[in-house]
Amino acid sequence: MITTTESILVVEDEAQIRKFLRISLEAQGYKVHEARRGTEGLEIAARCNPNLIILDLGLPDIDGQDFILELRKWSQTPVIVLSVRADEMEKVQALDAGVNDYVTKPFGISELMARVRAILRSSEEVTPTRTEFEFQGLVVNIPNHEITLDGHIVNLSKKEFELLRLLITHSGHILTHNQILREIWGDNHLGQTHYLRVLVGHLRQKLNDDPINPRFIKTIQGIGYRLA
């Protein structure tokens, strides 16, 4: 048997397909994690940091497309979609969301293994995913949406968390007003910076962040924001 230190997460609700994939992947020496539901798969991805995810789109709790969007907020782990959905728009949507490859069912196991090997080879130099960040007393676990400040839990709204996540994942860079507006509200709100000013004010208040002498969020006048 081939031996490798690489691990693969299979997110698939059909037990027979999960078993078939596990046997096939383990025969190639990969360590295999399994999840039946999308939320479970996201938890395992955050905890185990696999080298590759094989994902079915038709999951019982969340749609696979939503799984991809959530994963890409904090991880660049390669993803191969394995789905009965053969519609071109489904494929385009998945690829635009950050999928690395798309295989339709029924599939040939030899072809799938070849695609797995190709993606793992191309991702060997990728920096491992960081899911938890800590600086100046602020600890943020991105996949679990958990925030503490100086040891105390901080409860943020969805948009407040998204803003904090953007600032953290682009640490060292200035995020323009329109970049943030596009990510949080979409293209229809470009230029509407009053939404952003209110949101930044709420986040600063919850983080006890003084805008004059910022501990976390620095205003770049007329341009945007960055981590202080």
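The model is predicted: local features need pLDDT of at least 70, side-chain atom pairs count only at pLDDT 80 or more, and totals for chains, interfaces and linings use all residues. Residues are numbered from 1 along each chain as its sequence is written, and side-chain values use heavy atoms, with hydrogens and water left out.

The protein chain holds eight helices and 12 strands. Helices (H or I, at least four residues) and strands (E, at least two) are DSSP runs, numbered from the N terminus. Along the principal axes, the C-alpha atoms fill a box of roughly 60 × 35 × 30 Å. Of the 228 residues in the protein chain, 44% are buried. Buried means under 20% relative accessible area, exposed means over 50%, and partly exposed lies in between (1.4 Å probe, protein chains only). Contact means heavy atoms within 4.5 Å. Among contacts between residues at least 6 apart in sequence, 57% join residues at least 24 apart.

Five strands form an open sheet in the order β2-β1-β3-β4-β5, with parallel pairing. β2 and β5 (101-104) stand at the edges with a single partner strand each, so one side of each has no neighbour in the sheet. On average, neighbouring strands of this sheet are turned by 20° against each other, direction ignored. Two strands pair if DSSP finds at least two bridges between them. β1 and β2 pair in the parallel sense over five bridges. I8 stands opposite V32 in β2.

Two helices pack on this sheet. α2 touches β1, β2 and β3, and its direction makes about 145° with that of β2. α3 touches β1, β3 and β4 (79-83), and its direction makes about 160° with that of β3. Axes are lines fitted to C-alpha atoms, for helices over the stretch in contact, and angles run from 0 to 180 degrees between N-to-C directions.

D101 is buried, with a relative accessible area of 16%. Leaving aside its neighbours within four places in sequence, D101 is in contact with V79, I80, V81, R115 and I119.

Helix α2 (residues 38-48) contributes several buried residues: G38, G41, L42, I44, A45 and A46. Their cover includes β1 (7-11), β2 (31-35), β3 (52-55) and α3 (64-71). N49 follows α2 and has a positive phi, near 50°.

Two packed helices are described by the angle between their axes and the distance between the axes. The axes of α2 and α3 come within 10 Å and cross at roughly 25°. That makes α2 roughly parallel to α3. Angles under 35 degrees count as roughly parallel, over 145 as roughly antiparallel, 65 to 115 as roughly perpendicular and the rest as oblique. The crossing of α2 and α3 is right-handed. A crossing is right-handed if the near helix is turned clockwise from the far one by less than a right angle, and left-handed if anticlockwise. G38, G41, L42 and A45 in α2 meet F67, E70 and L71 in α3. By class, this contact of α2 with α3 has four nonpolar, two polar and one charged residues. Ala, Val, Leu, Ile, Met, Phe, Trp, Tyr, Cys and Pro count as nonpolar, Asp, Glu, Lys and Arg as charged, and the others, Gly among them, as polar.

Helix α6 (residues 158-169) packs against helix α7 (residues 177-184) at an angle of about 130°, with the axes 10 Å apart. That makes α6 oblique to α7. Their crossing is right-handed. K159, E162, L163 and L166 of α6 make the contact with I180, E183 and I184 of α7. These residues divide into four nonpolar, no polar and three charged.

α6 also packs with helix α8 (residues 193-206), at an angle of about 85° and with the axes 10 Å apart. That makes α6 roughly perpendicular to α8. K159, E160, L163 and L164 in α6 meet L196, L199, V200, H202, L203 and K206 in α8. The contact of α6 with α8 has six nonpolar, one polar and three charged residues.

F161 is found in α6. F161 is buried, with a relative accessible area of 4%. F161 and L203 are 42 residues apart in sequence and 8.4 Å apart in space, C-alpha to C-alpha. Leaving aside its neighbours within four places in sequence, F161 is in contact with V140, N141, I142, H145, I147 and L156.
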